[in-house]
Amino acid sequence: MGMLLNDLLELSRIGRMINPPVSCSMQELVQEALAALEESIKRNQISIKVQPGLPIIQVDKMRIIEVLQNLIENAVKYRGDQPAPTIEIGMTETDRGIAFYVRDNGIGIERDYLETVFGLFNKLNAQSDGTGIGLALVRRVIEFHGGQVWADSNGSGHGTTFYFTLPTSKTV
């Protein structure tokens, strides 16, 4: 219950309390997020691949680290029974412009639920750990930055890719 209340409080603060945007390396933000989850990544024998040369961006550094942590943590949590669980982090050109992504080879999400997962308390597996607030928080942070977030998956057993845009991003 305490975790749920803390998550709700955090969600309610976004938009009212925000750190001023600073210029920072997305590469370094990814490394900070990975360092915070290092124990879980090692315990679950997850292979991590980070695309080199991620750009400098203008963001609330702590909030974007929080976004990355949520997305990486979900990829670890929903890895399924993969013999070689892998998480890839990078950026790509999409029909919505340049987008950052966190891709896994885990359990996947059926197409009917790709939008639903961002709703408050919408957990696809009610038995899973967590409060069901993580992806709602991700959406709120990204939208507060003026970006978009979405998920893509070919369904059960095909992994999931979470994309997000940050319109203030620029390449080095």
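Trainee: Does N70 count as buried or exposed, and at what relative accessibility?

Mentor: Good place to start. Keep in mind that we are reading a predicted model. The cut-off for buried is under 20% relative accessible area. N70 has 15% relative accessibility, so N70 counts as buried.

Trainee: Where is N70 found, and with which residues is N70 in contact once its neighbours within four places in sequence are left aside?

Mentor: N70 is part of helix α4, which spans residues 61-77. Beyond its neighbours within four places in sequence, N70 is in contact with G134, L137 and V138.

Trainee: How should I describe the way α4 and α5 pack?

Mentor: Two packed helices are described by the angle between their axes and by the distance between those axes. Here the axes of α4 and α5 come within 9 Å and cross at roughly 145°. The crossing of α4 past α5 is left-handed. On the α4 side the contact is made by R63, I64, E66, V67, N70, L71 and N74, and on the α5 side by G134, L135, L137, V138, V141 and I142.

Trainee: Which residues of α5 are buried?

Mentor: The buried ones are L135, A136, L137, V138, R139, V141 and I142. Take R139 as an example: it sits in α5, residues 134-144, and it counts as buried because its relative accessibility is 17%. Leaving aside neighbours within four places in sequence, R139 is in contact with E115, F118 and V149.

Trainee: Which residues of α2 are buried, and on which side of the helix do they lie?

Mentor: An α-helix has 3.6 residues a turn, so residues three or four places apart point the same way. In α2, residues 26-36, the buried residues are M26, L29, V30, A33 and L34. They lie on the same side of α2, because they cover an arc of only 135° around the axis.

Trainee: Which residue caps the N-terminal end of α2?

Mentor: That is S25, with a side-chain oxygen 3.1 Å from the backbone nitrogen of Q27. S25 also stands opposite I56 in β3. The strands β1 (residues 22-25) and β3 run antiparallel and are joined by 4 bridges.

Trainee: What is the strand order of the open sheet, and which strands stand at its edges?

Mentor: The general idea is that strands of a sheet pair through backbone hydrogen bonds, either parallel or antiparallel. The open sheet has 5 strands in the order β2-β4-β5-β7-β6, with mixed pairing. At the edges stand β2 and β6 (149-152), each with a single partner strand, so one side of each is left without a neighbour in the sheet. Direction ignored, neighbouring strands of this sheet are turned by 25° against each other on average.

Trainee: How do the strand pairs in that sheet run?

Mentor: Go pair by pair. Strands β2 (residues 47-50) and β4 (residues 86-94) run parallel, joined by 4 bridges, and V50 stands opposite I89 in β4. Between β4 and β5 (residues 97-104) the pairing is antiparallel, over 8 bridges. A hairpin of 2 residues joins β4 to β5, and T94 has G97 as its bridge partner in β5. β6 and β7 (residues 161-164) pair in the antiparallel sense over 4 bridges, with A151 opposite F162 in β7.

Trainee: How many helices and strands does the protein chain have?

Mentor: The protein chain has 5 helices and 7 strands, in the pattern α-β-α-α-β-β-α-β-β-α-β-β along the sequence. Of its 172 residues, 45% are buried. Among contacts with a separation of 6 or more, 72% are between residues 24 or more positions apart.

Note on methods: Residues are numbered from 1 along each chain as its sequence is written. This is a predicted model: local features need pLDDT of at least 70, side-chain atom pairs count only at pLDDT 80 or more; totals for chains, interfaces and linings use all residues. Side-chain values use heavy atoms; hydrogens and water are left out. Buried means under 20% relative accessible area, exposed over 50%, partly exposed in between (1.4 Å probe, protein chains only). The arc is that of the directions from the helix axis to the C-beta atoms. A polar contact is a pair of N or O atoms within 3.5 Å; within protein, one must be able to donate a hydrogen and the other to accept it, and residues adjacent in sequence count only if both atoms are side-chain atoms. Two strands pair if DSSP finds at least two bridges between them. Contact means heavy atoms within 4.5 Å. Axes are lines fitted to C-alpha atoms, for helices over the stretch in contact, and angles run from 0 to 180 degrees between N-to-C directions. A crossing is left-handed if the near helix is turned anticlockwise from the far one by less than a right angle, and right-handed if clockwise.
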